Amino acid sequence: MVIGAGHGGLAMSRCLSERAIDHVVLERNEIANSWRTERWDSLRLLTPNWQCRLPGHEYAGDDPDGFMTMPEVVDFIIGYAKHIAAPVQTGTTVTSVRRTDDGYRVTTDNGEWQCATVVLASGSFNVPHLPVFADAVPAAVATITPNQYRNPDSVAEGGVLVVGASATGVQIAHELQRSGRQVMLAVGEHVRGPRLYRGRDIQWWMEMAGVLGERYDEVDDIVRARRVPSMQLAGSPERATFDLNALTATGVKLVGRLAGIRDGRAQFSGSLRNKCELADLKLGRLLNVLDEWATANGLDDETAPPHRFDPTVVPNPPVLGLDLTNGEIQTILWATGFRPDYSWLDVDVLDGKGMVRHDGGVVDSPGMYLIGTPFLRRRKSSFMDGAREDAQDLIVELAAFLDRGTR
């Protein structure tokens, strides 16, 4: 049983079919539902089209260096499901998964299923993760999450405080600022990244140098690595960079991490400069790795010469507080991340933060597997191409489990 018909679940379906393993894919809505209903209008994939690869299928259009729009992503995934003849049952909501003596019982609103193995492919971005003080926002200030945001017209006129500076936060902040609103961006830990480096896409460099393929058992602290924010990238026809300097150039105002709200006043951390200097330092280290790889592989004459980017400019003195009752801010957009929803999973495999305990996708329960979460087996696990390789690894584990059961 595969639960979820996104690109991760479909990748597993293809690998199961290749081994003639009987299975069904359950989807509560439609195939690629989150891409259809929970993304804003202008969003494009932050990975180039050439990187859209799934088992037995890859991008074959005429714009390999472009970035798919959301309708194009939906068409790509639906086309993949048809191409592999995935046994998807849509409109079927899983309400419970329980262990039995010979596997798992999966209860849905369309009946029950018994299976030897379960693949959790429902995604890791189901429920917006809001800070504990979100309820302290004054009633006059509207709040919205990225899965509710569609375009600037879906946000009230007036100033906007965007909380969170990962890929989602910087893209929405940029779009809102360009719509004529004054945007303030609350910045905590973030990963700075240029769209282009030495004339080529940063994703090309990281793939070729082996950065994206780094495995979960090769890092010192995999728990922390799985919580690192997404790189500040965006897919745009102009292949523009969306770092903090690009945002401030459009008029976005930077403040530190939102630490709390008390008596209608937002309180910001004073660590903005430190966070930005750390992100700049990490970017420099990454570029050093890429430069070393280019030299070792004789590419220095084929690409532009190495260069470094200007340090992030931060306000001095920093803004430490903001009155949320004076009308300056009309909306707060929480770009503070998401958490998976496993309320239907009645198996003791969740940790204290509601995340599945697993070792590279092999869940802490016999015959249960996970796919589609950040750094599952590789640094690129949350991308389509990462799901492709993860599925090819996990099918080996799953098939071996079934073989042991048969013997």
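**Close-up views of a predicted model**

**View 1. Helix α1, residues 7-18.** Helix α1 has 12 residues and spans 17 Å from its first C-alpha to its last, close to the 16 Å expected at 1.5 Å a residue. The structure shown, here and in the other views, is a predicted model. Most of α1 is covered, with 9 of its 12 residues buried. These buried residues are His 7, Gly 8, Gly 9, Leu 10, Ala 11, Met 12, Ser 13, Cys 15 and Leu 16. After the helix comes Ala 20, which has a positive phi near 55°.

**View 2. Ile 77 in helix α3.** Ile 77 is part of helix α3. Its relative accessible area is 0%, so Ile 77 is buried. With neighbours within four places in sequence left aside, Ile 77 is in contact with His 7, Leu 10, Ile 31, Ala 32, Trp 35 and Met 384. Arg 200 is 123 residues from Ile 77 along the chain, and their C-alpha atoms are separated by 27 Å.

**View 3. The nonpolar cores.** The largest nonpolar core contains 82 residues, and Val 97, Val 118, Leu 185 and Met 368 have the most contacts inside it. Helix α3, residues 70-83, contributes the largest share of this core, 7 residues. A second core is separate and has 19 residues, including Trp 50, Trp 205, Leu 286 and Leu 287. In soluble globular proteins, nonpolar side chains tend to be buried together.

**View 4. Surroundings of Met 368.** Met 368 is one of the residues with the most contacts inside the largest nonpolar core. Apart from neighbours within four places in sequence, Met 368 is in contact with Val 97, Tyr 104, Val 118, Leu 120, Leu 345, Val 347, Val 349, Gly 361, Val 362 and Val 363. Two of these partners, Val 97 and Val 118, are also listed with the most contacts inside that core.

**View 5. Helix α4 and the elements packed on it.** Helix α4 has 12 residues and reaches 17 Å between its first and last C-alpha, close to the 16 Å expected at 1.5 Å a residue. Because 9 of these 12 residues are buried, α4 is largely enclosed by the rest of the structure. The buried residues are Ala 167, Gly 169, Val 170, Gln 171, Ile 172, Ala 173, His 174, Leu 176 and Gln 177. They pack against β12 (159-163), β13 (183-187), α7 and β20 (329-334). Gly 180 follows α4, and its phi is positive, near 105°.

**View 6. The second largest pocket.** The second largest pocket holds about 370 Å³ of space. Its lining has 19 residues, and those closest to the pocket centre are His 174, Gly 235, Ser 236, Glu 238 and Phe 242. By type, the lining divides into 8 nonpolar, 7 polar and 4 charged residues. Helices α4 (167-178) and α7 (244-250) each supply at least two lining residues, and α4 gives the most, with 4 residues. His 174 is also one of the buried residues of α4.

View 7. Asp 243 is found in the loop between α6 (222-225) and α7. Its relative accessibility is 7%, so Asp 243 counts as buried. Not counting residues up to four places away in sequence, Asp 243 touches Arg 192 and Gln 232.

Note on methods: Residues numbered from 1 in each chain as written. Predicted model: local features only at pLDDT ≥ 70, side-chain atom pairs only at ≥ 80, totals over all residues. Heavy atoms only, no water. 1 Å grid on protein atoms, 1.4 Å probe; cavity = no way out; pocket = protein on both sides within 12 Å on 5 of 7 lines; lining within 4 Å. Points joined across faces, edges and corners; volume = space filled by probe spheres on them. Nonpolar A, V, L, I, M, F, W, Y, C, P; charged D, E, K, R; others polar. Core = buried A, V, L, I, M, F, W, Y, C linked by side-chain atoms within 4.5 Å. Buried < 20%, exposed > 50% of the residue type's maximum accessible area, 1.4 Å probe, protein only. Contact = heavy atoms within 4.5 Å. Expected span 1.5 Å × (residues − 1).
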